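Here is a short report on the fold of one chain.

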Amino acid sequence: MWIRFAAWLLLLVSAGFAAQPNIVLIVSDDQGYPDLGCIGSKPLITPNLDKLAAEGVRGTSFYVTWPACTPSRGSILTGRYPQRNGLYDMVRNDLVNFGHRYDAEEYAVSPEMTLGLDVRELTLGDLLRKAGYATGCVGKWDMGQARRYLPLQRGFDFFYGHGNNGIDYYTHERYGVPSLFRGNERTEEDRGTYVTDVFRREALRFVNEQAGKRPFFLYLPFNAPHGASSFGEGTKEGEKKLSEGVQAPEKYVAMYRGKVKDERLARYCGAVTCMDEAIGAVMEAVEKAGQTENTLVVFLSDNGGSGNGGNAPLRGQKSTMWEGGLRVPFIVRWPGKVPAGRVTDEFLTSLELVPTLLRAANYDGLEETVGKDGRPSFALRATKGETASSLDGYDLLPVLKGEAKSPREEMFWQRRGDKAARVGNWKWVESEKGGGLYDLSTDLGEKKDLSAEKPEVLRRLKERFAAWRAEMDATEPRGPFRDY
Ligand SMILES: [Ca+2]
């Protein structure tokens with residue numbers, strides 16, 4: 001009797017294990033829409049990302065929620081619009097004291113040290129840990145660096161990386177302050193080592209420790225290929241030059257010299273290739289552990305390219321409301337679950353990641369209802385000490401499989417005074433850098449403003465934007481900016 005019960009229990013446990021794939025969520029920083037080798041428009045060398053695309057699905061109409069780092073990453077982790085989760089601007093000191101270089105004492109009490117993602121928000125770490133996962137975060141956390149905002153307090157069992165928005169790739173400093181953490185403690189153990197190599201080593205450490213024991217979730221947000229943002233002295237000529245772009249080891253920069261227009265672009269491309277090799281090493285560790293078939297891998301950039309070589313055929317770049325700021329490279333590999341080598345142009349966004357990953361993980365606190373618009377609507381069920389919270393995305397797995405059209409019909413963006421909406425194939429932009437109404441089905445480059453020709457379409461998009469803004473304003477208030 002007991003033997004039968006134990007065997008049944010074992011079966012249940014192993015079935016549960018098999019039904020929960022490992023999840024590796026990789027985010028790159030400011031990597032432009034065309035900047036993958038497999039797209040072929042630039043001489044980028046990304047064999048490992050190309051392999052993931054060849055073995056999975058690549059999206060060509062995939063959007064993030066904000067055209068720069070912090071709010072975009074907040075949405076990836078919460079599945080909620082920045083205007084709903086409260087992190088609707090950058091956690092950066094230069095926003096409040098532009099151009100001022102903080103000394104260490106001032107920096108210790110500055111916004112970058114005291115602001116972060118509202119602690120009432122649940123992250124993918126919190127949620128997947130509840131689902132039984134071992135959770136690790138390696139890289140650019142960017143959700144705040146006061147203790148209560150750091151990953152160990154936000155659902156992660158393991159953390160190695162920086163809490164702030166950017167660092168020098170070698171000194172790992174910002175405003176002269178060493179910014180890497182191991183767990184909750186600042187560390188200088190890797191000073192001098194190129195930070196992508198540090199993240200590679202720590203990601204491998206986590207995978208090698210966890211793979212095969214129980215399902216794991218590795219959140220691997222790189223700071224590459226973002227420009228170095230150390231806010232260091234920059235007074236000596238050499239230093240200034242270094243802080244003006246991306247840093248990359250000579251070995252990788254040399255791969256591009258003579259092939260791209262200048263040294264600055266060669267450094268950007270080199271940083272991408274170094275990151276690609278780190279991703280390849282993580283995939284190899286997953287493979288060695290016999291876990292490739294049972295691992296769901298997602299790759300995206302947190303926003304459009306910052307101008308290193310451009311985002312062609314898209315208009316604009318990072319920080320703008322044009323497609324070049326918001327539409328990013330996107331790859332999903334899950335062998336046997338999503339088809340290999342498929343490219344989809346379906347309308348998808350980073351808001352889809354939380355419901356998709358929670359459903360893949362059999363998380364039992366995900367509620368699905370039918371919204372007022374007839375489309376599925378997801379929410380996180382309330383548990384002890386937490387309130388229920390609505391999610392803004394959909395499960396994209398049926399779309400990646402090619403079994404369904406994307407349920408997403410519309411998406412909205414706001415960055416301070418800049419606004420944009422996409423409804424169907426129509427895109428409306430109103431911003432400091434210009435605006436208009438564009439038909440993305442025939443004008444991906446947002447060149448021909450149809451505002452005068454299609455006033456009724458323009459009116460409808462503005463109405464949809466206003467309705468979205470009203471919904472965001474009516475949500476339970478979240479910090480940090482409302483309280484600041
Ligand atoms: Ca970024």
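The chain holds 15 helices and 21 strands. The model is predicted. The C-alpha trace spans about 75 × 60 × 45 Å along its principal axes. For 484 residues, a compact globule would have a radius of gyration near 23 Å; the chain has 22 Å, so the two agree. Of the 484 residues, 52% count as buried.

Four strands make an open sheet, ordered β18-β19-β20-β21. Their pairing is antiparallel. In general, strands of a sheet pair through backbone hydrogen bonds. The edges are β18 (410–415) and β21 (434–439), and each of these pairs on one side only. Neighbouring strands of the sheet are turned by 5° against each other on average, direction ignored.

Take the pair β19 and β20. Strand β19 (residues 418–423) is joined to β20 (residues 426–431) by 5 bridges. Lys 419 has Glu 430 of β20 as its bridge partner.

A helix covers this sheet. Helix α15 (residues 455–473) lies across β18, β19, β20 and β21. Its direction is about 110° to that of β19.

**Two partners of helix α11**

Helix α11 (residues 263–288) packs with α2 (residues 47–54). Helix α8 (residues 195–210) also packs with α11. The geometry is as follows.

| Helix pair | Angle | Axis separation |
|---|---|---|
| α2 and α11 | about 55° | 7 Å |
| α8 and α11 | about 10° | 10 Å |

How do α2 and α11 lie to each other, and what meets there? At about 55°, α2 and α11 are oblique to each other. Pro 47, Asn 48 and Leu 49 of α2 make the contact, with Asp 276, Glu 277, Ile 279, Gly 280 and Met 283 of α11. By class, that contact has 4 nonpolar, 2 polar and 2 charged residues.

The angle of about 10° makes α8 roughly parallel to α11. From α8 come Thr 196, Phe 199, Arg 200, Ala 203, Leu 204, Val 207 and Asn 208. They meet Cys 274, Met 275, Ala 278, Ala 281, Val 282, Ala 285 and Val 286 in α11. By class, the contact of α8 with α11 counts 11 nonpolar, 2 polar and 1 charged residues.

Terms used:
Residues are numbered from 1 along each chain as its sequence is written. This is a predicted model: local features need pLDDT of at least 70, side-chain atom pairs count only at pLDDT 80 or more; totals for chains, interfaces and linings use all residues. Axes are lines fitted to C-alpha atoms, for helices over the stretch in contact, and angles run from 0 to 180 degrees between N-to-C directions. Helices (H or I, at least four residues) and strands (E, at least two) are DSSP runs, numbered from the N terminus. Angles under 35 degrees count as roughly parallel, over 145 as roughly antiparallel, 65 to 115 as roughly perpendicular and the rest as oblique. Two residues are in contact if their C-beta atoms, placed from the backbone, lie within 7 Å. Ala, Val, Leu, Ile, Met, Phe, Trp, Tyr, Cys and Pro count as nonpolar, Asp, Glu, Lys and Arg as charged, and the others, Gly among them, as polar. The radius of gyration is taken over C-alpha atoms; the globule rule is 2.2 Å times the number of residues to the power 0.38. A residue is buried if 20 or more other C-beta atoms lie within 10 Å of its own, exposed if 12 or fewer, and partly exposed in between; C-beta atoms are placed from the backbone. Two strands pair if DSSP finds at least two bridges between them.
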